[in-house]
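Thanks for coming. I'll go through a few local features of one model, so please have the sequence and the coordinates open.

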Amino acid sequence: RLMDILSNYRGFKDITLILVFDAYKVKGGVEKIEEYHNIHVVYTKEAETADSYIEKTAGTLAKKGHVTVATSDSAEQVIIFGTGALRMSARELREEIAIASKNISEIISEKTPSTRNPLIDSLPKETADKLDSKRFTKK
């Protein structure tokens, strides 16, 4: 579900989005990077925390451009800031996602054709009601 939510968010925002899952305690786990729709999903290797992966990757990417890391771990936020990346809390990310979802819904509703019938809508109410009632009457 989280990957779907972030994929929708990524579709609205023109960003590269990387979701990191901690596989620290997975015996024999190897680092795996997959594409899920339009986001990158990383599973860390055994004995590597998501935090250490994020710190390393954020530091590398921050040298090349704008990077923002979402985490509610305050110690991690300080470390991320030290790499040159920006940080946001999970709560702030959740709020951004909610705003983006609302905007997506508004765009979709604007582009969805109306179920109204402009021809019938232009008739006097009494005539429109008669035509409407005949439309749904079986012969």
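Let me start with a question: is E95 buried, partly exposed or exposed? E95 is partly exposed, at a relative accessible area of 41%. On the terms, buried means under 20% relative accessible area, exposed means over 50%, and partly exposed is in between, with a 1.4 Å probe and protein chains only.

Before going on, the ground rules. This is a predicted model, in which local features need pLDDT of at least 70 and side-chain atom pairs count only at pLDDT 80 or more, while totals for chains, interfaces and linings use all residues. Residues are numbered from 1 along each chain as its sequence is written, and side-chain values use heavy atoms, with hydrogens and water left out.

Now the salt bridges. The term here is a side-chain nitrogen of Lys or Arg within 4 Å of a carboxyl oxygen of Asp or Glu. By that rule there are four salt bridges, and I'll show some of them.

E95 pairs with R91, with 3.0 Å between the closest N and O atoms. The two residues sit four apart in helix α4, which means about one helical turn separates them. R91 is exposed, with a relative accessible area of 52%. Helices are DSSP runs of H or I with at least four residues, strands are runs of E with at least two, and both are numbered from the N terminus.

Next, E96 and K13, where the closest N and O atoms are 3.7 Å apart.

The next pair is E48 and K56, at 3.2 Å from N to O. Here E48 is buried, at 7% relative accessible area, whereas K56 is partly exposed at 45%.

Last topic, the backbone. Most residues other than glycine have a negative phi. H37 is in the loop between β2 (32-36) and β3 (39-43), and counts as exposed at 61% relative accessibility.

A47, also not a glycine, has a positive phi of about 70°. Its place is the loop between β3 and α2 (50-62). At 57% relative accessibility, A47 counts as exposed.

That's what I have.
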